[in-house]
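Thanks for asking me to look over this one. Here are my notes, point by point, to read alongside the model.

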Amino acid sequence: MPTLLDRCRNYFRRTNKVLWIIAFAISCYSLILLKSAERAYNSSYFKTQLVAMILGYGVAFLITLIDYREFTNFWYLIAGFCVFLMIYTLLFADAVQSAGGVNARAWITIGGRSFQPSELVKIGFMITFAKHIEVLKRYEKLESFLQVALLGVHALIPVLLCHAQGDDGAAMIFFCMFLAMSFGAGVQLRYFAGVILTIVVAVPLAWKLDLLAEYQKIRFTAMFHLDDPNFDPDIIYQQVQGRTSIGSGQFFGRGLFHGPRVSSGIVPFQHSDYIFSVAGEELGFVGCCLLIALLLALLITILYCSKQARDASGTCICFGFFGLVASQAFFNIGMCLALLPVMGVTLPFFSAGGSSAMCLYFGLGFVQNVYMHRPNGGERTMLRKDYALRGVVG
């Protein structure tokens with residue numbers, strides 16, 4: 001009978017230790033930046049993030065103890081819960097309004113704290129879509145136009161529900177997850193070409209027919225007028241100040257906890273959407289490069305785990321999480337550098353937000369789960385040892 005110490009050793013032997021190390025490094029970096037950013041506010045973003053991380057790591061550990069295929073087997077319960085959660089939020093959440101016509105119903109209150117259900121639904125979508133892909137691959141129907149179209153319908157459900165909530169940033173992330181998982185599953189490239197062509201045609205058409213909200217049009221045009229003295233300064237204020245903070249750090253930064261712009265809170269939402277500007281001002285170009293390097297290392301490790309997966313659902317789960325982290329990082333950093341319009345997308349693992357941080361660690365747990373149940377790794381070794389004890393093999 002193996003002892004508790006033996007079980008612990010066996011558990012850590014099966015895990016991808018690099019994944020845990022990178023995640024821990026990102027967590028520490030995030031807490032440092034938030035500790036600095038909260039100097040401008042009467043709020044403890046550091047404490048909230050720390051609690052969310054601890055809960056996230058704890059649940060991630062529990063997730064790794066259960067074979068991910070057990071989760072995909074109950075896809076229908078997860079799908080039903082996710083749809084219920086999104087509809088409940090749409091109907092009963094308090095509206096968050098701001099200038100320019102933004103009117104979002106994306107947060108509910110649980111125990112006196114706000115929670116964004118779409119963050120949890122992203123993890124649920126990883127599981128249900130992975131199961132959908134697995135079934136299609138099992139019956140060799142992934143090349144069927146009808147079946148690929150049904151994959152699109154599957155993805156449209158959370159996309160449209162997020163759009164109905166007024167959270168188009170989350171809708172865009174779901175769409176990117178759909179693309180990443182479809183690509184990882186081996187959907188033929190001609191379908192991706194069709195999607196790209198549709199977007200190229202639809203975007204200018206939506207603009208022409210006024211299908212986009214006025215504030216969305218303003219955000220898009222504002223990024224081309226950041227240096228225009230005649231443009232409304234209130235509209236471009238956030239991006240101008242964010243870009244200025246990043247540039248003010250130069251190569252090595254002004255020093256951790258010594259950034260004057262950070263301490264004054266001159267950049268709106270510097271603790272969440274614009275946490276990248278805190279790294280830029282206080283740690284400079286070096287700090288920004290370190291942040292990006294950590295995220296790239298995480299993404300590369302996730303792709304490595306996907307290659308070790310024993311089946312299509314495992315591969316898709318990893319690609320889904322890759323799409324989630326990669327798209328959010330790309331959109332957020334592009335927004336902070338004024339290369340993309342403001343879209344309300346946070347920087348994964350770094351931005352303040354308990355629900356976002358916690359659910360990201362859930363996703364990390366699923367990636368680790370896939371790796372731990374790889375066919376050439378710990379599971380097979382465990383079986384051989386078990387059989388050897390029973391005298392089945394030598």
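1. A word on terms before the details: buried means under 20% relative accessible area, exposed means over 50%, and partly exposed is in between, with a 1.4 Å probe and protein chains only. This is a predicted model, in which local features need pLDDT of at least 70 and side-chain atom pairs count only at pLDDT 80 or more, while totals for chains, interfaces and linings use all residues. Residues are numbered from 1 along each chain as its sequence is written, and side-chain values use heavy atoms, with hydrogens and water left out.

2. Which residue forms a salt bridge with Glu134 at 3.4 Å between the closest N and O atoms? That is Arg138, which is partly exposed at 45% relative accessibility. Because Arg138 and Glu134 are 4 residues apart in H6, about one helical turn separates them. Through shared partners, the salt bridges join Lys131, Glu134 and Arg138 into one network. The structure holds 7 salt bridges.

3. Another of these pairs involves Glu38, in the loop between helix H2 (17-37) and helix H3 (45-64). Is Glu38 buried or exposed? Glu38 is buried, with a relative accessible area of 12%, and its side chain meets that of Lys35 in a salt bridge (3.3 Å, N to O). Lys35 itself is partly exposed, at 38%. Leaving aside neighbours within four places in sequence, Glu38 is in contact (heavy atoms within 4.5 Å) with Ser43, Ser44, Tyr45 and Phe46.

4. On to the interior. A nonpolar core is a set of buried Ala, Val, Leu, Ile, Met, Phe, Trp, Tyr and Cys residues joined through side-chain atoms within 4.5 Å. The largest one has 101 residues, and those with the most contacts inside it are Leu291, Leu298, Phe321, Phe349 and Phe350. Apart from it lies another core, of 5 residues, among them Ala222, Leu226, Phe231 and Ala338. Beyond its neighbours within four places in sequence, Phe321 touches Met126, Ile302, Phe349, Leu360, Gly363, Leu364 and Val367.

5. Helix H9 (residues 189-208) has 20 residues and spans 29 Å from first C-alpha to last, close to the expected 28 Å, a figure given by 1.5 Å times one less than the number of residues. Its buried residues are Tyr191, Phe192 and Ala206, and they pack against helix H7 (145-165) and helix H8 (168-185). Just after H9, Asp210 takes a positive phi of about 60 degrees.

6. Finally, please look at the loop between helix H11 (233-248) and helix H12 (260-264), where Gln250 is found. Gln250 has a phi near 50 degrees, positive in a residue other than glycine, and is exposed at 62% relative accessible area. Phe257 is found in the loop between H11 and H12 too; its phi is near 70 degrees, and Phe257 is partly exposed at 35%.

Note on methods
Helices (H or I, at least four residues) and strands (E, at least two) are DSSP runs, numbered from the N terminus. A salt bridge is a side-chain nitrogen of Lys or Arg within 4 Å of a carboxyl oxygen of Asp or Glu.
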